[in-house]
Amino acid sequence: MSVEFSPVHSLPGDELEPGSLLDTDLRVWVEIGRTQMPAASVVGMPEGAILDLDREAEDPADVYVNGRHFGTGRLILVDGEWALRIESLDDEDGVEQSSSPGQDEPGADD
């Protein structure tokens with residue numbers, strides 16, 4: 001006795017063109033540094049507090065897209081607004097790395 005199953009669904013032909021993904025929203029963020037501090041310090045932190053980060057001001061910032069490291073850039077001022085100049089993009093064939101173990105969004109465990 002044999003049983004045959006039909007496909008649960010078939011892929012639509014023209015709907016999966018690469019161009020159809022260009023309108024997809026992606027989470028993009030830039031990490032300029034990190035620090036660790038006791039919860040009591042965070043809870044009691046006033047507006048205007050200054051945090052020491054683990055990087056220097058001239059160090060490149062990391063760019064993340066949907067939780068994956070995407071490249072690096074440098075903070076610049078453009079017409080009085082902060083912006084990021086992309087300096088390098090990760091190799092597509094390289095190993096993808098998460099922003100940190102178990103972290104999917106910026107500030108999730110910082």
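Q: In what order do the elements of the protein run from the N terminus on?
A: In this predicted model, the order from the N terminus on is β-α-β-β-β. That comes to 1 helix and 4 strands.

Q: How much of the protein counts as buried?
A: The protein has 110 residues, and 15% of them count as buried. A residue is put in this class if its relative accessible area is under 20%.

Q: Why is Glu 31 called buried?
A: The relative accessibility of Glu 31 is 10%. The cut-off for buried is under 20%, so Glu 31 falls in the buried class. Its place is in strand S1, which covers residues 28-31.

Q: What makes the pair Arg 34 and Glu 31 a salt bridge?
A: The N to O distance between the two side chains is 3.0 Å. A salt bridge needs a side-chain nitrogen of Lys or Arg within 4 Å of a carboxyl oxygen of Asp or Glu. Arg 34 supplies the nitrogen and Glu 31 the oxygen, and 3.0 Å is within the limit, so the pair counts.

Q: Why do the side chains of Glu 31 and Arg 34 also count as a polar contact?
A: The polar contact that joins the side chains is 3.0 Å. The limit for N or O atoms in such a contact is 3.5 Å, so the value of 3.0 Å lies within it.

Q: Why is Arg 34 called partly exposed?
A: Arg 34 has a relative accessible area of 22%. Buried would need a value under 20% and exposed a value over 50%.

Q: What makes Asp 62 and Arg 55 a salt bridge?
A: The closest N and O atoms of Asp 62 and Arg 55 are 2.4 Å apart. The limit is 4 Å, so this pair counts as a salt bridge. Asp 62 is buried because its relative accessible area of 13% is under 20%. Arg 55, at 24%, is partly exposed.

Q: Which residues are linked in a network of salt bridges?
A: The network links Glu 31, Arg 34, Arg 55 and Asp 62. For the whole model, the count comes to 4 salt bridges.

Q: How do you know that Arg 74 and Glu 87 form a salt bridge?
A: Their side chains meet at 2.9 Å, N to O. This pair links distant parts of the chain, with Arg 74 in strand S3 and Glu 87 in strand S4, 13 residues apart. Since the salt-bridge limit is 4 Å, the value of 2.9 Å passes the test. Arg 74 has a relative accessible area of 30% and is partly exposed. Glu 87 is also partly exposed, at 44%.

Q: What makes Glu 58 part of a negative surface patch?
A: The patch is formed by Asp 54, Glu 56, Glu 58 and Asp 59. Asp and Glu count as negative. A patch residue needs over 30% relative accessible area and no salt bridge. Glu 58 has 55%, so it passes the area condition. A value over 50% also makes Glu 58 exposed. Glu 58 lies in the loop between helix H1 (39-43) and strand S2 (61-65).

Q: Why is Asp 79 called exposed?
A: Asp 79 has a relative accessible area of 78%. Exposed means over 50%, so Asp 79 qualifies. Asp 79 is in the loop between S3 and strand S4 (81-89). Its phi is positive, about 50°, although Asp 79 is not a glycine.

Technical notes. Residues are numbered from 1 along each chain as its sequence is written. This is a predicted model: local features need pLDDT of at least 70, side-chain atom pairs count only at pLDDT 80 or more; totals for chains, interfaces and linings use all residues. Side-chain values use heavy atoms; hydrogens and water are left out. Patches are made of residues with over 30% relative accessible area and no salt bridge: like charges are joined within 9 Å, nonpolar side chains (Val, Leu, Ile, Met, Phe, Trp, Tyr) within 5 Å. Accessible areas come from the Shrake-Rupley method with a 1.4 Å probe; for residues, only the protein chains shown count as cover. The place of a charge is taken as NZ of Lys, CZ of Arg, CG of Asp or CD of Glu. Helices (H or I, at least four residues) and strands (E, at least two) are DSSP runs, numbered from the N terminus. Buried means under 20% relative accessible area, exposed over 50%, partly exposed in between (1.4 Å probe, protein chains only). A polar contact is a pair of N or O atoms within 3.5 Å; within protein, one must be able to donate a hydrogen and the other to accept it, and residues adjacent in sequence count only if both atoms are side-chain atoms.
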